[in-house]
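Hi everyone, thanks for making time for this. I'd like to walk you through one model, so please have a look at the screen before I start.

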Amino acid sequence: MRGFLTAPIRWLLFALVLLLAIAALAVEQWAHKSAAASAAQEAAQLAHDNAALFTSEIQKFRLLPIALSENPDVIALLRSRSGTDPRANAVNLELAHLAERTDAAAIFVIAANGRTLAASNYRKPVSFVGRDYSFRSYFLNAMTKGAAELFALGTVSNRPGLYIASRIGPARESLGVIVVKVEFDQMERDWAGQRGASFVADQHGVIIVASRPDWRFRTLRPLAPAARREIEATRQFTGQRLQPMAATFAGDDVTLPDGRYRSAALQIPLKDARLIALAPMAPALFAARIQASATAVVIIGAIVLMLLVWIRQSERAALNAAARHELEVQVASRTQELQSANADLRKESAERERADQRYREARDKLAQMNRLGTLGQIVAGVAHELNQPTASIRAYAENAGVFLDTDKLGEVRGNLAQIVALTDRVARISSELRQFARLRTPEVCEVNLDDAIDSALNMVRHRIGPGSISIDWRRARDPRIVIADRLRLEQVFVNLLTNAIDALASHPSGRISIAARSGSGKVDVSVADNGPGVPEALKDQIFTPFITGRAEGLGLGLAIARDIARAFGGDLSLTASSPDGTAFNVRILRP
C-alpha cells in the first residue's frame, strides 16, 4: 500500500484533507457572519416599516384633540361645567360617531376639575362619563403645558392604550381637556403575521406594544426603584408585575428561548420610546450555510483541479487572472452603486432644504400678498387723492408766474406756501402707500394704537362715497400704547374696514363704528357695521382660509388678520352677526 501511494499523491491527499478542514471552519465562520448581516438587514427593514406605520397611526389621532378644541358644542359644554347640560347628549353622540369613523378606542371631554362631562363610550358599561381623572398625569400636564401623552392601562376598561390630551383655552382660562385614547390591537395582530418580532418600549424599558402578547408589560431590563416609583405614582400599569422578559441582549444580538435574533431599533414620536424589530438568525444561517457549502465545494473542486494540474502553470495563472478580474468588476460595480446612492441622497437632501426654504418664504410673503391685494383695491381712490393736490399745485404755480410779472411778491409767496403744503400732503399719501406695500421683517414694539387706526382709515377713506357711509371714531386724549408691528396692525384694521365697506355697498345709510376699550394688560378694539351680517352657514368657518361669502373674494383676509393678531399675543374674533350688522373684536396686548 505504501508503495502504491507515491509521495506526490500522499502530499496531495494530505493537502486535500487539510484543505477540507480549513474550508469547513471558514464556511462556518462565513455563514455566521453572512447570516448576521442578512438578519441585521431584515431587522432594519422591519423596524423601518413598522416605525413608519406606528408613526402614521399616532399622527392621525394627534389631530383629533386639536380639531375638537374648536368645536362650539364642546366649548359650550365645558363652560357649563355640568354633565347634565342638555348639550351633553349631542356631544356624546358626536364623539361616538367620530370615534367610529376614526377607529379611536375612546374620545372624552374632561372639565377643569378633572371630571368627565362627555365620552364616545357613554352607552357602554365602562362609560367614562362622570369619572374623575384629575389624578391622571396626561390631564395634569395638558392643563399646565397645553398637551400631553401617556401610554397606560385604563382604570375603567383595564385595556392598554395611548392617551393623547389637549387643553382647551389658554392656561389662565382653561376650560378643560380633550382626550383621545388609541389602542393598538390591530397593529399587534398585523405585526404577529410578520416573520420575526416587533415591539415598542417606553422610556423605562417597559414593552407597551408587541407582536407577541406574552411580551406586553415585560421589561428589557430590571426596573430601577425610582422608575418603579414613578410608574406607581401615575398608576400607569396598575396590576402589572413588570418583570424582565426572558431574553439576553448583547449589542444587536438577542437570545430568546426559541433561538438567536438580530435586532434593530428606531426612535418613534412617543416620549423617549423606541421600536425594536427582531429578525431570526436560524433561517438566514441555514441559507448562508447552504450557500457557503456550495461555494466551498466549488472552490475546493477548483483547488483540487488546480492541484491536479499544478504543472500547467499557464492555465493556473489564467484562472487566477480571471478571478482577480471578476473581483475587480464586483468592487467597481459596488463602488459605482455606492457613489450613485450617495449622490441621490445629497440631491434629495438639497431638494428638501430648498422646499423648506420655499415654505418659509411663502409663509412670510402671504401677509404681504394680502396687503398688496388690498393696496390694489385702493389704488383708484389714491389716484384721485393725488390728482386734486397736483392740479392745485399747477394752478398755484401758474398764478405765481402772473403775480411775479406784475411784481406782486406777497401773492407769489402765498402761492408758494400753498404749493409747499400741497406737496407735503402728496408726500404723506405716498409714504403711507409705500409703508403699507413694503415687504420687511416684522418689528414688534410699542405702537400708538390711535395712529394705526387713523392710518388704516386714510387707506380706505377714498372708497366711502359722500354721505353714503358714516365713520364713528374718536381718538383718546392720552396715547393708547400696544405691543405690535405697526404695519401689520394697520393691515388688520384695513382688512376689517374693507370688509365693512363692502358689506355696506348697497346700504342707504351705512355706519361703521370703531371703539377701543382698555383692560388689564390688553386693549379690545371693536369694528362694527350695520350691514346684513355674516351668512349663518359661514359663521363657524369665517376664519378658515379660502372660505368667503363674496364671489370675487379669496377668503384669505380674515384668516391672515387673525394670524397677525395672534402673532402679537392677541386675537381676532367675530363677536356679533345678525341682519342688523356685524362686529369683530381685535385684542392687542399692552406693554
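How many bridges join β17 to β18, and do the two strands run parallel or antiparallel? There are 7 bridges joining β17 to β18, and the two run antiparallel. Before going further, a word on the basis: this is a predicted model, where local features need pLDDT of at least 70 and side-chain atom pairs count only at pLDDT 80 or more, while totals for chains, interfaces and linings use all residues. Residues are numbered from 1 along each chain as its sequence is written, and side-chain values use heavy atoms, leaving out hydrogens and water.

Two terms will come up all the time. Helices (H or I, at least four residues) and strands (E, at least two) are DSSP runs, numbered from the N terminus. Two strands pair if DSSP finds at least two bridges between them.

Back to our pair, then. L574 has F584 in β18 as its bridge partner, and a hairpin of 2 residues connects β17 to β18. Both strands belong to an open sheet of 5 strands, ordered β13-β15-β16-β18-β17, with mixed pairing. At its edges are β13 (469-472) and β17 (571-578), each of which pairs on one side only. From one strand to the next the twist averages 15 degrees; angles here run from 0 to 180 degrees between N-to-C directions, with axes being lines fitted to C-alpha atoms, for helices over the stretch in contact. Further inside the order, β15 (residues 510-519) and β16 (residues 522-529) pair in the antiparallel sense over 8 bridges, and A515 stands opposite S526 in β16.

What packs on this sheet? Helix α11 (residues 486-503) does, touching β13, β15, β16, β17 and β18 (581-589), where contact means heavy atoms within 4.5 Å. The direction of α11 makes about 175 degrees with that of β18. Helix α12 (residues 557-567) lies across β17 and β18, at about 135 degrees to β17.

These two helices also meet each other. As a reminder, two packed helices are described by the angle between their axes and the distance between the axes. For α11 and α12, the axes come within 9 Å and cross at roughly 150 degrees. On the α11 side the contacts include R488, Q491 and V492, and on the α12 side they include G557, L558 and I560.

Now to the other sheet I wanted to show you. Here 5 strands form an open sheet in the order β2-β1-β5-β4-β3, with antiparallel pairing. Because β2 (116-119) and β3 stand at the edges with a single partner strand each, one side of each is left without a neighbour in the sheet. Neighbouring strands are turned by 20 degrees against each other on average, direction ignored. Strand β1 (residues 106-111) pairs with β2 in the antiparallel sense over 3 bridges, and V109 has A118 in β2 as its bridge partner. Helix α2 (residues 72-80) packs on this sheet, touching β1, β2, β4 (160-168) and β5 (176-182), and its direction makes about 40 degrees with that of β1.

One last stop: salt bridges, meaning a side-chain nitrogen of Lys or Arg within 4 Å of a carboxyl oxygen of Asp or Glu. The count comes to 20. One of them joins E149 and R62, with the closest N and O atoms 2.5 Å apart. This pair links distant parts of the chain, with E149 in strand β3 (residues 147-153) and R62 in helix α1, 87 residues apart.
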